[in-house]
Amino acid sequence: MSIIDNRKAYHDYFIEEKLEAGLVLEGWEVKSIRAGRVQLKESYVIWKNGAFWLFGCHISPLQSASTHVKPDPTRTRKLLLNQSQINKFIGKVERAGYTMVALDLHYTKGRIKAEIGLAKGKKLHDKRESAKERELDREKQRFLRDRG
């Protein structure tokens, strides 16, 4: 069950591979995410201190969450991955010129997971080409729907 999607990532990048990762969250963050107060638009993943970290994910705190905790909406959050997955993606990110972006947040067996993607940046002409293809697909669907 999806919580939020990062549509901008699909617009700005070619997504090569996808991967599901757990997140290290605080209690107020879980409550806010369940309330739908999260944004992934400018988020990305980096390799630092032996782990992957999610940067730029904005989780707005609820007013009723907690009185003794000072929430930081844009703090960096650690991603939980297997060592084999980490080893696979380190080389591609460091050597091959790829970047990692957060694609969506969703529930898996009651836990909040992040889907991250190995991405390569699109140039302006690639973005225009994608928009043209999307428009052609819509036209085809409209034609087939109206004809049938």
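Student: Which residues does Arg75 touch, not counting residues up to four places away in sequence?

Tutor: This is a predicted model: local features need pLDDT of at least 70, side-chain atom pairs count only at pLDDT 80 or more, and totals for chains, interfaces and linings use all residues. Residues are numbered from 1 along each chain as its sequence is written, and side-chain values use heavy atoms, with hydrogens and water left out. Contact means heavy atoms within 4.5 Å. With those sequence neighbours set aside, Arg75 touches Val24, Leu25, Glu26, Glu29 and Leu54.

Student: Where in the chain is Arg75 found?

Tutor: Helices (H or I, at least four residues) and strands (E, at least two) are DSSP runs, numbered from the N terminus. Arg75 is in the loop between strand 6 (58-59) and strand 7 (77-80).

Student: In what order do the elements of the chain run from the N terminus on?

Tutor: The chain has 4 helices and 9 strands. Their order from the N terminus is β-α-β-α-β-β-β-β-β-α-β-β-α.

Student: Which residues have the most contacts inside the largest nonpolar core?

Tutor: A nonpolar core is a set of buried Ala, Val, Leu, Ile, Met, Phe, Trp, Tyr and Cys residues joined through side-chain atoms within 4.5 Å. Buried means under 20% relative accessible area, exposed over 50%, partly exposed in between (1.4 Å probe, protein chains only). The largest core has 25 residues, and most contacts inside it belong to Phe52, Leu79 and Ile116.

Student: Which elements give two or more residues to this core?

Tutor: Phe52 is in contact with residues including Trp47, Leu79, Phe89 and Met100. The contributing elements are strand 2 (13-23), helix 2 (27-34), strand 5, helix 3 (83-95), strand 8 and strand 9.

Student: How many residues of strand 8 are buried?

Tutor: Strand 8 covers residues 99-108 and is largely enclosed by the rest of the structure. The basis is its buried count, 8 of the 10 residues.

Student: How many bridges join strand 8 to strand 9?

Tutor: Two strands pair if DSSP finds at least two bridges between them. Strand 1 (residues 2-5) runs antiparallel to strand 8, with 3 bridges, and Ile4 has Leu105 as its bridge partner. On strand 9 (residues 111-121), Ile116 stands opposite Ala102. Strands 8 and 9 are antiparallel too, and the number of bridges joining them is 9.

Student: What phi does Lys109 take in the hairpin of strand 8 and strand 9?

Tutor: Most residues other than glycine have a negative phi. Lys109 is exposed, with a relative accessible area of 83%. The hairpin has 2 residues between its strands, and there Lys109 takes a positive phi near 55 degrees.

Student: Is Asn49 buried or exposed?

Tutor: Asn49 lies in the loop between strand 4 and strand 5. Its phi is positive, about 55 degrees, although Asn49 is not a glycine. At a relative accessible area of 69%, Asn49 is exposed.

Student: How many aromatic pairs does a search of the whole structure find?

Tutor: Rings of Phe, Tyr and Trp (its six-membered ring) pair if their centres lie within 6.5 Å; planes under 30 degrees apart count as stacked, over 60 as edge-to-face and the rest as tilted. The aromatic pairs found number 2.
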